[in-house]
Amino acid sequence: MNWITNYVRPRINSIFSRREMPENLWTKCDSCGTMLFHREVTDNLGVCTNCTHHMNITPRARFTALFDGGIFSEIDVPEPTQDPLHFRDQKKYPDRMRAAQRTTGEKEAMLVAAGEIGRTPVVCAAQDFSFMGGSMGMYVGNAIIKAAQEAKRLKRPLILFSAAGGARMQEGILSLMQMPRTTVAIQMLREAGLPYIVVLTHPTTGGVTASYAMLGDVQIAEPNALICFAGPRVIEQTIREKLPEGFQRAEYLLEHGMLDRVTDRRKMREELTTIVRMLTGMPPAVHGDLPPPEPLPDTAVADDK
C-alpha cells in the first residue's frame, strides 16, 4: 500500500492533473468584464470586441499600428535633471522611476517618433499612462519641445496622443513650468504654418488639458475618454450638485463644442491621414497600390507597325 500511495497515485495525479494556464493569456475588459484572449485584444488594437471599450495601450503599440508597415524612427529627447527636488514620500523619487522603467520597459512617460502615415510624413508624440500615470514632468516637456522642433525642421505636421493624470508632483513647480514651455513650442509650429493635431485618449486630465492637449488645430478624442482639468468627483464635492450623465466624457465634450471629432481607434489611422493631407494641401490618399502595366510583347509591337 505504501508503494501505491507514495509513488503510483502521485504519478497518476501528475499526469492527469489540470495544467495551469499562464496569467497573461487573457485580459479582462474594464467596462463589461468579458474575458478576452490576449491575441484577440492585440489584433483589435486594445478595443474590446464585446462592448468596444478602448483600453489603454502603450505608445509603441500605438505607433506600430499607426505608421506604415509599423516602421518609425524614434527621436531622442534631451535628458532633464534627475530628482531636482530630492522628493520623497513613501518611496524616493528615483526608486519610483526605476520601478516604472522596469514595468513599462520605457525610460519615461512620452515617446517621440517620425515616420509616414498613409505615405504622409509626420512627427508623432504619445504619452504612456502606465508610466507613473503619464504624468507631465520635465522630460515630457522636453519631449514635446523636441517633437515641435523636429516637425519644424522636417516641415511635417505634429500629431500628439495625450494620456495623463496631470503634472508630476515629485517635480513640483518644475513640472508646472512645462505648461508655458509646451505652449510656446506649439506657437512655434503655428508661426511655421504647420498643423498640430491632438488625439485625446483616456484619461487626459489636470495641467495637460490646461496646456498642449487643448491647443490643437484639430481636436480628436477616442470614445468615452475622460477629458477634464478637475475630475467629476472633485467638482461634485465642491459644488454639492449631481453632474449630468457622461459629464466630461468625449461624447459630452463633442456635443458642447470642445472637440471636433470622436473617432474609434481602429479608424484613427485613416482619419489622421485624411486630415493631415487636407491641412497640408496634399491630394487624397490612395488606398492600395496597383501593379504597373506589363510591357507589350515585341511581337505585338511589330504587328502594330
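Okay, let's start with a list: E74, E106, K107, E108, M110, L111 and Y139 line the largest cavity in this structure. Keep in mind, everyone, that we're looking at a predicted model. How many cavities of 30 Å³ or more are there? The count comes to 1. And the space inside the largest cavity is about 30 Å³. What about the classes of the residues around it? The lining has 3 nonpolar and 4 charged residues, and no polar ones.

A bit of background first: most residues other than glycine have a negative phi, and most peptide bonds are trans. With that in your head, look at a few spots here.

Go to the bond from H202 to P203. That peptide bond is cis, with omega near -15 degrees. If you want to find P203 on the screen, look in strand β7, which covers residues 196-204.

Next, phi. D83 isn't a glycine, yet its phi is positive, about 50 degrees. You'll find D83 in the loop between β3 (72-74) and α4 (93-104). So is D83 buried or exposed? Its relative accessibility is 14%, and buried means under 20%, so D83 counts as buried.

Then there's N224, another residue other than glycine with a positive phi, this one near 60 degrees. N224 also sits in a loop, between β8 (218-221) and α8 (232-239).

Key: Residues are numbered from 1 along each chain as its sequence is written. This is a predicted model: local features need pLDDT of at least 70, side-chain atom pairs count only at pLDDT 80 or more; totals for chains, interfaces and linings use all residues. Side-chain values use heavy atoms; hydrogens and water are left out. Helices (H or I, at least four residues) and strands (E, at least two) are DSSP runs, numbered from the N terminus. Buried means under 20% relative accessible area, exposed over 50%, partly exposed in between (1.4 Å probe, protein chains only). On a 1 Å grid over the protein atoms alone, a cavity is a set of points where a 1.4 Å probe fits but cannot get out, and a pocket is an open set with protein on both sides within 12 Å along at least five of seven lines; lining residues have an atom within 4 Å of a point. Grid points are joined across faces, edges and corners, and a volume is the space filled by probe spheres set on the points. Ala, Val, Leu, Ile, Met, Phe, Trp, Tyr, Cys and Pro count as nonpolar, Asp, Glu, Lys and Arg as charged, and the others, Gly among them, as polar.
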